[in-house]
Amino acid sequence: QLQLVESGGGLVQPGGSLRLSCTASESASRFGWNYAVGWFRQAPGKEREGVSAISSGGGITNYADSVKGRFTISRDNAKKTVQLEMNSLIPEDTAVYYCAANRGGGLPTLESNEYPYWGQGTQVTVSS
């Protein structure tokens, strides 16, 4: 069973930056070869939305329009981690951020129902 743990959330002022990390429990070789990883977020009273996703090899990325040019996703398969670098943060980015994984190939999807494995989430608050 794949387990995912997020870290790096916190409180930041508008215009600031945060880096989120998602660490997988399985062996590094299986994580890299088998799983695409996505980041999702859910704000109070809103539906969960896809933010960014990356293919298992790291060569294909996908971003929601709302974060393009501000967020960057990357992965280090040797360390079993996927990072989400978030810059120029705005209050609308406030949410619980989750990482999730699936075994799919091709373009990594931002559809949450395509991901069977989820972490517990980390809170990101953008406020002055």
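The structure is a predicted model, in which local features need pLDDT of at least 70, side-chain atom pairs count only at pLDDT 80 or more, and totals for chains, interfaces and linings use all residues. Residues are numbered from 1 along each chain as its sequence is written, and side-chain values use heavy atoms, with hydrogens and water left out.

The secondary structure of the chain comprises one helix and eleven strands, where helices (H or I, at least four residues) and strands (E, at least two) are DSSP runs numbered from the N terminus. Read from the N terminus, the order of elements is β-β-β-α-β-β-β-β-β-β-β-β. The radius of gyration, taken over C-alpha atoms, is compared with a globule rule of 2.2 Å times the number of residues to the power 0.38. For 128 residues a compact globule would have a value near 14 Å, and the 14 Å of the chain agrees with this. Along the principal axes, the C-alpha atoms occupy a box of roughly 40 × 25 × 25 Å.

Of the 128 residues in the chain, 45% are buried; buried denotes under 20% relative accessible area, exposed over 50%, and partly exposed the range in between (1.4 Å probe, protein chains only). The accessible surface amounts to about 6,400 Å², and carbon and sulfur atoms contribute 46% of this area. Accessible areas come from the Shrake-Rupley method with a 1.4 Å probe, and for residues only the protein chains shown count as cover. Among contacts (heavy atoms within 4.5 Å) with a separation of 6 or more, 60% involve residues 24 or more positions apart. The chain carries 11 positive and 11 negative side chains, and the centres of the two sets are 6 Å apart. In this count Lys and Arg are positive and Asp and Glu negative, while His and the chain ends are not counted; each charge is placed at NZ of Lys, CZ of Arg, CG of Asp or CD of Glu.

A disulfide is assigned to a pair of cysteine sulfur atoms within 2.5 Å, and one disulfide is counted by this rule. The partners are cysteine 22 and cysteine 99, with a sulfur-sulfur distance of 2.1 Å. The pair connects distant parts of the chain, 77 residues apart: cysteine 22 belongs to strand 3 (residues 18-24) and cysteine 99 to strand 9 (residues 95-102). The link is right-handed, with 65° about the S-S bond. Cysteine 22 has a relative accessibility of 0% and therefore counts as buried. Cysteine 99 is likewise buried, its relative accessible area being 0%.

Serine 55 is located in the loop between strand 5 (49-54) and strand 6 (61-63), and its relative accessibility of 11% places it in the buried class. The C-alpha atom of serine 55 is 4.4 Å from that of alanine 36, 19 residues away along the chain. With residues up to four places away in sequence excluded, serine 55 touches Tyr35, Ala36, Ile60, Arg75, Gly106 and Pro108.

Lysine 80, in the loop between strand 7 (71-76) and strand 8 (81-86), has a positive phi of about 60° although it is not a glycine. Lysine 80 is partly exposed, at 25% relative accessible area. Serine 88, also not a glycine, has a positive phi of about 50°. This serine 88 lies in the loop between strand 8 and strand 9 and is partly exposed, with a relative accessible area of 41%.
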